[in-house]
Amino acid sequence: MLLSTELKLSSAPLVLLALAHTARGHGHVDYSQYVNPFIGGEGPMEGLAYGGGDIFVGGAVPFGVVKMGIDTYELNYTISTINGGWTPKGLVTGISMMHEHGTGGGPKYGVVAQMPLTTVDAPVNILDNTTYWQERVGDDAASVGYYKTKFESGITVELSGSRHAGIVQYSFPKGEKHVLVDVSHYLPSTEDPTSGQSFLDGEIHVDGPQYTGYTTTRGGFGLGAPFTVFFCGEFESEPEQSRTFRGRNTDPNPGYHSFSGEPIGQATFSPDGVLSEKAGPLQDRIGALFSWGTNAPTQVKSRIGISMISAEKACKFKDDEIPSWDLNKTVSAAVDEWNANVFSRVQVPTDETANRTNLVLLYSSLYMMHLMPSDRTGENPLWESDEPSWDDFYAIWDTFRCTVSLWHLIQPEAYEGQIRSLIDIWRYEGYMPDARSGNCNGITQGGSDADNVLADAYVKGLRGGINWTAGYLAMLKDAEVTPPNTFVLNDPKASVKEGRGALDDWKKLGYVSADSTRCISRSVEYSLNDYALSVVAAGEAPQDVQKYLNRAAGWQRTWNPDIESVGFRGFLTPKKKNGTWDDQDYNPAICGFCEFSAISYEATPWEYSFNIPHDMKRVIQLMGGTDEFERRLDYIFRPNTSQADLGPNGAGVNTIMNIGNEPDFATPYHYNYINKQFKSVNQSRALSNQYFDDTIRGVPGNSDSGALNSWLIWQMLGLYPIVTQPVYLLESPWFTDINITLNENATLRITSDGEAKCLGQSGFYVQSVKINGKEWDKNWFNHEDVMVHGGTIEFSVGEEPVVWETGDPPPSPGHVEI
């Protein structure tokens with residue numbers, strides 16, 4: 001199958017009409033035309049998603065519960081990557097309502113599905129999707145709010161989504177027309193059965209053109225508890241025949257019932273007149289088959305609503321959010337919402353002077369960083385609360401570094417709601433999540449990183465409806481109470497569900513010992529977590545500030561000045577509980593696959609040695625001073641220096657520096673700390689131009705809920721935020737004029753006097769900067785300078801690098817020497 005790597009509007013006139021209508025209706029620029037939803041869809045191996053962005057492609061609105069799209073299966077299961085449902089050449093097994101975007105680990109969701117079929121005769125077995133899955137032919141087409149594909153059977157599928165509902169339009173060839181609703185459908189784990197999903201329960205009732213019910217599934221990323229999704233589906237034309245069915249569940253179902261070790265059987269249809277089925281105590285598979293005869297119209301349309309509360313709410317969402325059977329209207333509404341609430345908040349010139357590739361990168365990145373988390377306010381099935389309810393924080397470990405700082409500026413209402421929801425989860429479940437999906441906390445990859453999110457918001461003055469007394473208590477729970485061991489296979493030594501699993505070490509020893517997994521990365525992350533507590537304590541519990549500042553220096557206890565690697569001395573090193581180094585045959589440039597059982601997670605100790613944003617002053621001292629720090633920083637960008645094998649997280653990367661993994665996000669900008677900002681600009685520009693583009697390859701690894709995309713946005717804005725601090729580093733913008741809507745009612749204007757067409761690629765070295773009209777001698781600024789009431793930042797740029805900054809380097813507010 002050929003796959004478009006551009007917006008296939010020529011094959012989707014419906015979308016052209018929708019976009020034209022939207023542009024006329026608003027009288028403003030339609031920024032959605034610059035979004036390519038396929039960016040990141042493929043890894044370094046052509047036709048495979050492995051090593052790519054793990055992206056979702058389909059119908060969605062910003063932070064929507066519904067992400068409607070196809071589910072696929074890749075036959076090479078050893079490197080299969082189906083987390084977002086869509087893959088470049090995977091076989092289609094269904095069209096479902098819920099997906100994640102850009103995530104690694106075990107697949108989640110792919111529930112509440114339909115599958116159009118041209119026959120149900122043998123060899124088709126409606127309980128076995130390998131007998132009816134479909135190759136795609138021609139080019140897939142996608143744009144904001146719209147997706148289209150064609151099956152080898154001749155069926156064309158077009159769809160769109162709203163916040164809690166979706167609409168799909170099937171164009172059948174002449175002949176039979178069937179739509180299968182498999183209540184037990186979900187995205188399977190193709191490699192790691194411990195993180196697979198399982199169907200537990202469900203029910204379906206058919207009434208004329210409408211069907212209702214629920215599906216309950218467990219597992220997936222986070223090893224999550226069972227979650228239930230209620231559904232309400234409807235067809236525009238009543239089927240000529242509707243039948244419900246059931247069959248034994250032969251899928252592996254650890255801890256629950258299934259027909260173990262047996263082949264997949266045939267479905268048993270209910271007797272005539274019986275149009276309801278329930279899974280029952282053996283977790284039987286159930287569903288319904290809807291059929292239209294050969295003389296019926298070739299087009300079949302369906303609208304589906306979902307709810308976490310009831311089928312009645314699902315029906316209401318369907319009717320309220322998608323009142324029309326005109327697919328074009330749902331597409332148009334989605335485009336309107338994206339333009340109004342996301343794209344228009346970062347405006348750049350789109351006239352003939354613009355570089356279209358840069359426009360596509362900017363607005364596609366804005367799109368992808370707004371697909372998750374999911375705003376489920378009013379849809380919390382677990383407890384009653386007046387607080388907002390959000391889910392699919394998947395994972396905060398990825399997004400705390402620079403994604404949340406951008407939401408703070410351009411999505412203040414949503415961001416406040418997210419923070420209030422995190423605190424509410426602590427109220428009712430005991431801990432804030434580091435990751436959460438399916439209404440359940442897990443998995444924690446490193447520290448308790450919701451602490452960093454709260455601190456970043458607090459230090460920048462976000463108050464609103466947030467109860468900060470409760471927020472600080474939630475952070476204290478992370479800092480002081482060790483969560484119960486979850487005894488899971490990827491780390492049987494501690495909790496991976498929530499909190500800090502190695503907290504006992506941290507409190508007793510002041511570092512995470514080599515007896516614990518991820519001892520290097522968790523020592524680094526717990527340090528930042530405790531610095532985050534000191535930030536909020538400054539306003540909420542001043543007596544605690546010094547305690548947590550001191551604990552935030554714990555990373556220094558794992559710094560071994562005698563470890564040498566490729567001519568550099570001094571690295572983070574595993575340390576035993578008795579205080580001796582666990583350094584036999586130790587190489588800080590490797591960490592196995594850098595997973596849960598390793599000494600560090602998704603980055604080597606070489607990389608984590610730079611990961612101390614609250615005390616870069618001490619990092620520079622321990623690395624031997626300014627010159628040695630600069631030499632070491634230069635080295636990690638040199639080709640063929642990597643000694644690690646990070647699997648899909650490092651696919652195509654041969655430097656120690658790996659911008660595809662979040663621990664390295666801030667590292668290219670560390671030259672600012674030695675007042676050589678031109679090197680930060682040069683290295684970050686080089687990474688951006690090498691690893692990000694507007695094609696299907698697009699990003700250098702998992703998009704990670706849009707974390708990689710938000711890194712690129714900051715790069716294009718010419719700024720970079722320092723998490724947990726009210727500090728932004730000055731870099732160099734990719735556009736000559738950027739207008740950012742701050743806090744709903746203020747504007748930050750960023751300008752550059754460079755050449756618009758090539759500013760992202762050349763002529764970008766900063767010569768001087770003005771902030772609010774005044775000459776600026778520092779390569780950083782504070783949040784209140786321009787991010788509260790707005791302001792201006794003017795860059796003068798040129799072809800030659802210069803050291804233009806003469807003021808103090810960026811601060812190290814957590815500076816403590818051990």
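1. A quick term to start: two strands pair if DSSP finds at least two bridges between them. Helices (H or I, at least four residues) and strands (E, at least two) are DSSP runs, numbered from the N terminus. With that in hand, look for the open sheet of six strands, whose order is 17-26-27-31-28-29 and whose pairing is mixed. Strand 17 (346-347) and strand 29 (774-776) sit at its edges with a single partner strand each, so one side of each has no neighbour in the sheet.

2. Before going further, some ground rules. This is a predicted model, in which local features need pLDDT of at least 70 and side-chain atom pairs count only at pLDDT 80 or more, while totals for chains, interfaces and linings use all residues. Residues are numbered from 1 along each chain as its sequence is written, and side-chain values use heavy atoms, with hydrogens and water left out.

3. How confident is the predictor? The score here is pLDDT, the confidence in each residue, from 0 to 100. The chain averages 94, and 96% of the residues score at least 70. Residues 1-27 are where to be careful: the pLDDT is below 50 there, yet this stretch has 61 contacts in the model beyond near neighbours in sequence. A contact means heavy atoms within 4.5 Å.

4. Strand 17 runs antiparallel to strand 26 (residues 737-742), and two bridges join them; valine 346 faces isoleucine 740 of strand 26. Strand 27 (residues 746-752) runs parallel to strand 31, with five bridges between them, whereas strand 28 (residues 765-771) pairs with strand 31 in the antiparallel sense over six bridges.

5. Angles run from 0 to 180 degrees between N-to-C directions, and axes are lines fitted to C-alpha atoms, for helices over the stretch in contact.

6. Within that sheet, strand 11 (residues 227-235) and strand 16 (residues 299-307) run antiparallel and are joined by six bridges. Phenylalanine 235 has serine 302 of strand 16 as its bridge partner.

7. Now the charges. Side chains of opposite charge can pair when their charged atoms come close. The structure holds 38 salt bridges, each being a side-chain nitrogen of Lys or Arg within 4 Å of a carboxyl oxygen of Asp or Glu. Is the pair of aspartate 140 and arginine 136 buried or exposed? The closest N and O atoms of this salt bridge are 2.8 Å apart. Aspartate 140 is buried at a relative accessible area of 0%, and arginine 136 is buried too, at 4%. Here buried means under 20% relative accessible area, exposed over 50%, and partly exposed in between (1.4 Å probe, protein chains only).

8. Aspartate 320 and lysine 316 form another salt bridge, at 2.8 Å from N to O. They are four residues apart in helix 2 (residues 311-321), so about one helical turn separates them. Aspartate 320 is partly exposed at 49%, and lysine 316 is exposed at 52%.

9. Glutamate 480 and lysine 547 also form a salt bridge, with the closest N and O atoms 3.0 Å apart. This pair links distant parts of the chain, 67 residues apart: glutamate 480 is in helix 9 (residues 468-480) and lysine 547 in helix 12 (residues 545-551). Glutamate 480 is partly exposed at 24%, as is lysine 547 at 40%. Salt bridges with shared partners join Asp451, Glu480, Arg500, Lys507, Asp530, Lys547 and Arg551 into one network.

10. Last, a helix pair. The axes of helix 8 (residues 450-459) and helix 9 come within 10 Å and cross at roughly 145°. At their meeting point, Asp451, Leu454, Ala457 and Tyr458 of helix 8 meet Trp468, Gly471, Met475 and Asp478 of helix 9.

Terms used: pLDDT is the predictor's confidence in each residue, from 0 to 100.
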